[in-house]
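Please have the sequence and the model at hand.

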Amino acid sequence: TPVALRGLTVRNRVVVSPMCQYSSADGGPTDWHLVHLGKFALGGAAIVFCEETAVEERARKTYGCAGIYADRCIPMYRRITDFLRQHGAIPAMQLGHAGRKASCGPPWTNFKPLTDEDAKYGMRPWRGVSPSPLAPRADAQTPLELSVDEIRRVIAAWREAAQRSLDAGFDICEIHGAHGYLIHQFLSPLANQRTDAYGGTLESRLRFPLEVFGALRKAWPDAKPMSVRISATDWQDGGLTGDDAVKVARAFAEAGCDLIDVST
């Protein structure tokens with residue numbers, strides 16, 4: 001059954017979620033992505049999401065992660081979106097930032113943090129960023145704490161990535177605010193221990209996520225929908241709860257979000 005989402009009409013209720021492939025080349029999609037995503041359009045899915053796609057080069061988790069942080073990426077994605085649309089599917093983009101979970105090996109290494117030894121094989125480690133200087137795991141680097149000026153620059157990178165996504169032919173934009181990545185790091189009291197306007201209460205921890213969303217909602221056409229992926233709970237004492245997730249979802253809805261993609 002078709003369904004309307006803002007100015008779009010999608011052919012049914014089947015959505016292919018973003019699934020990281022760790023097969024990008026210098027951030028850009030390859031033939032792998034064309035075949036991987038294209039087969040879902042041929043199979044009849046209504047909306048096909050690209051994987052989480054980094055808004056900055058340093059925002060990738062691994063060297064194989066996707067990105068749309070340079071104009072050279074636009075025609076690479078346009079090739080995919082043209083194919084999806086030709087076969088009746090709506091192309092959708094999920095934008096993300098790994099924050100402190102950056103600079104890792106691929107999943108088959110259990111996302112082992114990169115070291116100087118990896119630099120010998122062309123995978124030089126880099127420093128992640130986060131609301132607070134807290135490492136995500138014992139063997140990881142301590143991330144750089146984002147200053148307010150740096151927060152502004154990161155928001156600008158999100159906005160530019162959204163514009164490139166439009167230029168590449170995407171009709172839906174989702175913000176990845178889950179799975180321990182940068183937006184989730186700001187939301188969670190386990191990762192965000194700031195004492196300025198971006199930390200403390202849930203309302204203050206929501207400030208950066210809502211500023212990112214607001215910047216993208218202004219850049220994204222009114223006729224095109226936007227969604228946000230959130231983690232329903234942190235699964236840890238002192239972390240985000242299901243009740244918090246309801247408040248977060250309502251805050252995004254009030255800001256103009258059309259759909260909440262609930263994950264964990």
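The sections below cover the basis of the model, the strand, its pairing and the loop.

## Basis

The model is predicted, and local features need pLDDT of at least 70, side-chain atom pairs count only at pLDDT 80 or more, and totals for chains, interfaces and linings use all residues. Residues are numbered from 1 along each chain as its sequence is written, and side-chain values use heavy atoms, with hydrogens and water left out.

## Burial of β6

Strand β6 spans residues 90-96, and seven of its seven residues are buried. Buried means under 20% relative accessible area, exposed over 50%, and partly exposed in between (1.4 Å probe, protein chains only). Helices (H or I, at least four residues) and strands (E, at least two) are DSSP runs, numbered from the N terminus.

In a regular strand the side chains alternate between the two faces of the sheet. In β6, one side carries I90, A92, Q94 and G96, the other P91, M93 and L95, and both faces are covered.

## Pairing

Two strands pair if DSSP finds at least two bridges between them. β6 pairs in the parallel sense with β4 (residues 47-54) over six bridges; here P91 is the bridge partner of V48.

β6 also pairs in the parallel sense with β9 (residues 172-177), over four bridges. On this side M93 has C173 as its bridge partner.

## Loop between β6 and α3

Most residues other than glycine have a negative phi. N110, not a glycine, has a positive phi of about 60°. N110 lies in the loop between β6 and α3 (116-119) and is exposed, at 54% relative accessible area.

F111 is in the loop between β6 and α3 and has a positive phi of about 55°, although it is not a glycine. F111 is partly exposed, at 27% relative accessibility.
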